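Dear colleague,

Please find the structure below, followed by an account of what was found in it. The notes concern the surroundings of one of the ligands.

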Amino acid sequence: MSESPVLLNKHEVERLLTYDDLIPRLESVMGKFSKRDSSEIIQPVRSVVPIQQHSGFLGVMPAYLANEGILCTKIVTFYQRAEGSSLPSTQATVLLFHPEHGHVTAIMDGEAITAKRTAAVSAISAKLFKPALSEVLCILGSGQQARSHYDVFTKLFKFKEVRVWSRRKEMAQRFVNDLQDPVTVCSSVKEAVIGADVIVTATGASQPILFGEWVKPGAHIAAVGACRPDWRELDDVLMREAVVYVDSREGATAESGDIILSGAEVFAELGEVLNGSFPARREKTTVFKSLGMGIQDAVSAKLVLEKWNSEH
Ligand SMILES: NC(=O)c1ccc[n+]([C@@H]2O[C@H](COP(=O)([O-])OP(=O)(O)OC[C@H]3O[C@@H](n4cnc5c(N)ncnc54)[C@H](O)[C@@H]3O)[C@@H](O)[C@H]2O)c1
Ligand SMILES: O=C(O)[C@@H]1CCCCN1
């Protein structure tokens, strides 16, 4: 009879999952994924069930990493919340299984994993694609992803100025009040992005909020929101002028309104750059369109469980 699964709450997962450990594992798994060796990694595009009555979605994100012995699925819900709602818009649980016997070995909070792994992947994109001289970071949105992106971007890179914009200025102010270092609160997207070298879009927008005409040539944009085929954060001009990288070509083709509706061409996956099959076109304006992948959750959860096991 198998042992009971380890249960880990958000606080524990947050404590155990550090960017220093996570980033190399994400780089490695994304590079491997992009080789499409199904004897090594299997990760279908996530299944998404719309919950139309409540403006929500349920996503199931399985992944099997044969050589690392990781069998995992994340179950995630995401909702379009009314402004000012105190409920999180993204909630998730991650299950790890014993690959040989099939029983569940761990059940853990997926909110912290989603926040950290998404920001860590964006930070990997910034390492590869941001201009050599990057002085100004701009974050659009002031929610969970905005915060995790702020944390890892300011940990890994040195910026002279960090700016934040949110739909309601008081939300941007609240975001800044939680931080120790100075961050400029901007009144409009345009004001926030003009002259920025690195831009993170982490909003619940379903129509474009970031327009190419405002973006400094050569800037890098990590676009994290707009994960439905009819949702946008970026306009056609930006999508067509930039060199577009994605996390997974299949995911982007199925889920990204920014790609599908603009008709923009995908240049490469992040993993294809990491494994050396495609170049990082740092000299160009670059967009990394992130949708999130089960393999990212899988390596994160394994890392959390390993750390927990080492303490018990
Ligand atoms: N790429 C990925 O892997 C990944 C992972 C998790 C979340 N997401 C997406 O990232 C986005 C942010 O997620 P979060 O967990 O930080 O959510 P959150 O609810 O914590 O924050 C959302 C932010 O977007 C703003 N916002 C909402 N609707 C907007 C609109 N119409 N126009 C402008 N701003 C708007 C809110 O004011 C808030 O600042 C969501 O779209 C979410 O689905 C992507
Ligand atoms: O990859 C994820 O976890 C998220 C869930 C919410 C929608 C966008 N993608």
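**The shell around ligand 2**

With 3 residues, β5 gives the most to the shell around ligand 2; strands are DSSP runs of E of at least two residues, helices runs of H or I of at least four, both numbered from the N terminus. The model is predicted: local features need pLDDT of at least 70 and side-chain atom pairs count only at pLDDT 80 or more, whereas totals for chains, interfaces and linings use all residues. Residues are numbered from 1 along each chain as its sequence is written, chains are lettered from A and ligands numbered from 1 in the order written, and side-chain values use heavy atoms, without hydrogens and water.

Both β5 (70–79) and α3 (111–129) supply at least two residues of this shell. Ligand 2 is surrounded by ten residues that include Met 61, Val 76, Phe 78 and Cys 227, where near means a heavy atom within 4 Å.

Domain 1 (6–113 + 295–311) and domain 2 (117–293) both contribute to the shell, so ligand 2 lies between them; the bounds come from an automatic or database domain assignment.

The predictor gives the complex an ipTM of 0.99 and a pTM of 0.98.

Kind regards
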